[in-house]
Amino acid sequence: ELGHVEAHYKLAIMYYNGHGVEKGRGKEMYHLEEATISGHPTARCYLGCVEWNDDNTDRAVKHWIIAATQGEDDSIKFLLNAFKKGMVCKEDLAAALRAHQAALDATKSPQREAADRKMRS
């Protein structure tokens, strides 16, 4: 249903921070995974960070690659950091960068660019 993906992501953040709810890793992860499964790119990137912090570097990198293919900008920063630490091979990084750019290009249109210019003025 419309809005549930974003709601799951926001609930995950609330449970992480304890804003308006009691902190809870279990509920945080439940909502984060629900948002990720439903295709929320930022949730996918965040899940990669959770995996990285839990020393599941291979899983973290996989999440960041998927998030990059969805156009999530922060995932590229994390992949570059992982590359510098030898956790991502050059080919996987290059493929993620190409997929990220393709996702960004797919969202471009003359109408969106005109709307963006109008909002900035």
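The legends below describe close-up views of a predicted model. Local features are reported at pLDDT of at least 70 and side-chain atom pairs at pLDDT 80 or more, whereas totals for chains, interfaces and linings use all residues. Residues are numbered from 1 along each chain as its sequence is written, and side-chain values use heavy atoms, with hydrogens and water left out.

View 1. Along the sequence the pattern reads α-α-α-α-α-α-α. Helices (H or I, at least four residues) and strands (E, at least two) are DSSP runs, numbered from the N terminus. Along the principal axes, the C-alpha atoms fill a box of roughly 45 × 40 × 25 Å. Of the 121 residues, 32% are buried; buried means under 20% relative accessible area, exposed over 50%, and partly exposed in between, with a 1.4 Å probe and protein chains only. Among contacts (heavy atoms within 4.5 Å) with a separation of 6 or more, 42% join residues 24 or more positions apart.

**View 2. The surface and charges of the protein chain.** The chain exposes about 8,000 Å², and carbon and sulfur atoms supply 54% of this area. Accessible areas come from the Shrake-Rupley method with a 1.4 Å probe. The mean positions of the 17 positive and 18 negative charges lie 6 Å apart. Lys and Arg count as positive and Asp and Glu as negative, without His and the chain ends; each charge is placed at NZ of Lys, CZ of Arg, CG of Asp or CD of Glu.

**View 3. Asp55 in the loop between α3 (41-53) and α4 (57-69).** The phi of Asp55 is near 65 degrees, a positive value in a residue other than glycine. Most residues other than glycine have a negative phi. Asp55 has 66% relative accessibility and therefore counts as exposed.

**View 4. The ring cluster of Trp52, Trp64 and Phe78.** The whole structure holds 3 aromatic pairs; rings of Phe, Tyr and Trp (its six-membered ring) pair if their centres lie within 6.5 Å, and planes under 30 degrees apart count as stacked, over 60 as edge-to-face and the rest as tilted. Trp52 and Trp64 form a tilted pair, 5.4 Å centre to centre with 40 degrees between the planes. This pair links Trp52 in helix α3 with Trp64 in helix α4, 12 residues apart. Trp52 is buried because its relative accessibility is 19%, and Trp64 is buried at 2%.

**View 5. The stacked pair of Trp64 and Phe78.** The ring centres are 5.2 Å apart, with 20 degrees between the planes. Trp64 lies in helix α4 and Phe78 in helix α5 (residues 73-84), so the pair ties together parts 14 residues apart in sequence. Phe78 is partly exposed, at 30% relative accessibility.
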